[in-house]
Amino acid sequence: MEPETKINVAQHQKLSKIVYKESGIVLNEKKTTLLIARVAKRMRLTGTTSVSDYIRLISNSQDEYNEFIDATTTNHTFFFRENKHCEYLIKTLDKKRTLKIWSAASSSGEEAFSIAVQMLANSFSFSIYASDVSNSMLQKGKNGIYPKERVQKVPLPILHTYFQSGKGKWQDYVKVKPAVQQLVTFEKLNLLEGKTFDKFDIIFCRNVMIYFDTPTRQKVVNNLYHALKPGGYFFVGMSENLRGIKHDFSNVLPSGYKKKD
Ligand SMILES: C[S@@+](CC[C@H](N)C(=O)[O-])C[C@H]1O[C@@H](n2cnc3c(N)ncnc32)[C@H](O)[C@@H]1O
């Protein structure tokens, strides 16, 4: 039987409330199509035939509840996305220091590995924390295996130095070499919880706050500001900025900010 994915107002409110509570992502009426598509996918995979049955399922199963949150986060990313930020750091930073970098909302790890390979190619010493709310994305990052189309923007010398090409059934994939993987630690962290791992020199929090409302963005920016060392850099996505958010950063380039020394 084809699943029935018509969603009524009460169901929409219930599901979007859960998503907002768990990830801060706002799925209002304008996002109904997206919510329905994500619910429909989970219904197909779980063999559920109505939205009310699916709501019952996530109320009774923590695993499916987590899968639902996972499915409603937008994970799109690729290697060397919005690379101007990294190029700026390479030009600006002192190579003598060991840098602590955080890719907050890392999705499947392409952002963290893009930074890592460029820092390595330019002889920086560093470590990177990559965090996300999605277990499945973190697992992909830990695996470090990517379809070849994701690395299209990686310059060939970097691709040949830091990635292995797959063979046989893996011929359409590349794998990040162990020397790069060991510099990136993947850990689950929900930006709403206000936790941090450490104090960082650089934090990337790109293409996630766009899904948050202003109070949530304010909370996240405050928290990340405190997680930065004095003089540290903070980057949001190229289509994002900190307009409407109270902060003490100075603006150093489009979507790029610096904490006072
Ligand atoms: C579009 S991806 C951005 C990936 C990468 N930063 C980039 O710019 O390409 C957004 C990521 O934010 C994650 N995310 C959403 N809400 C989150 C939250 N509350 N805490 C941590 N990560 C979250 C999603 O799981 C998703 O992987």
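Which residues does Val176 touch, not counting residues up to four places away in sequence?

1. Basis of the note. This is a predicted model, in which local features need pLDDT of at least 70, side-chain atom pairs count only at pLDDT 80 or more, and totals for chains, interfaces and linings use all residues. Residues are numbered from 1 along each chain as its sequence is written, and side-chain values use heavy atoms, with hydrogens and water left out.

2. Val176. This residue lies in strand β5; helices (H or I, at least four residues) and strands (E, at least two) are DSSP runs, numbered from the N terminus. Val176 touches Phe113, Gly144, Tyr146, Tyr162, Phe163 and Gln181, leaving aside residues up to four places away in sequence. Contact here means heavy atoms within 4.5 Å. Val176 counts as buried because its relative accessibility is 0%; buried means under 20% relative accessible area, exposed over 50%, and partly exposed in between (1.4 Å probe, protein chains only).

3. The sheet containing β5. An open sheet is formed by 3 strands in the order β3-β5-β4, with antiparallel pairing. Its edge strands, β3 (145–147) and β4 (163–165), each pair on one side only. On average, neighbouring strands of this sheet are turned by 30° against each other, direction ignored; the axes are lines fitted to C-alpha atoms, for helices over the stretch in contact, and angles run from 0 to 180 degrees between N-to-C directions. Two strands pair if DSSP finds at least two bridges between them. Between β3 and β5 (residues 173–176), which run antiparallel, there are 3 bridges. Tyr173 in β5 is the bridge partner of Pro147.

4. Helix α1, geometry and ends. The 15 residues of α1 should span 21 Å at 1.5 Å a residue, and the end C-alpha atoms are 21 Å apart, which agrees; the expected span is 1.5 Å times one less than the number of residues. At the start of α1, the backbone nitrogen of Ala10 has a side-chain oxygen of Asn8 within 3.1 Å. After α1 comes Gly24, with a positive phi near 85°.

5. Helix α1, faces. Gln11, His12, Leu15, Ser16, Ile18, Val19 and Ser23 are buried in α1. Viewed down the helix axis, the buried residues of α1 fall within an arc of 150°, so they line one face; the arc is that of the directions from the helix axis to the C-beta atoms. Val9, Ala10, Gln13, Lys17 and Lys21 are exposed on the other side of α1. The cover over the buried residues of α1 includes α2, α3 and α4.

6. Helix α4. In α4 (residues 62–72), the buried residues are Glu64, Tyr65, Phe68, Ile69, Asp70, Ala71 and Thr72. They pack against α1 (9–23), α2 (32–46), α3 (51–60) and α7 (135–143).

7. Two serines with positive phi. Ser107, in the loop between β1 (98–104) and α6 (110–121), has phi near 55°, a positive value in a residue other than glycine. At 7% relative accessibility, Ser107 is classed as buried. Ser123, in the loop between α6 and β2, has phi near 60°, again positive in a residue other than glycine. At 56% relative accessibility, Ser123 is classed as exposed.

8. Ser131. Strand β2 (residues 125–132) holds Ser131, which is buried at 1% relative accessibility. Not counting residues up to four places away in sequence, Ser131 touches Trp102, Ser103, Ala104, Ala105, Ser106, Leu138, Glu187, Leu189 and Phe197.

Methods
Polar contact = N/O pair within 3.5 Å; in protein donor to acceptor, adjacent residues only side chain to side chain.
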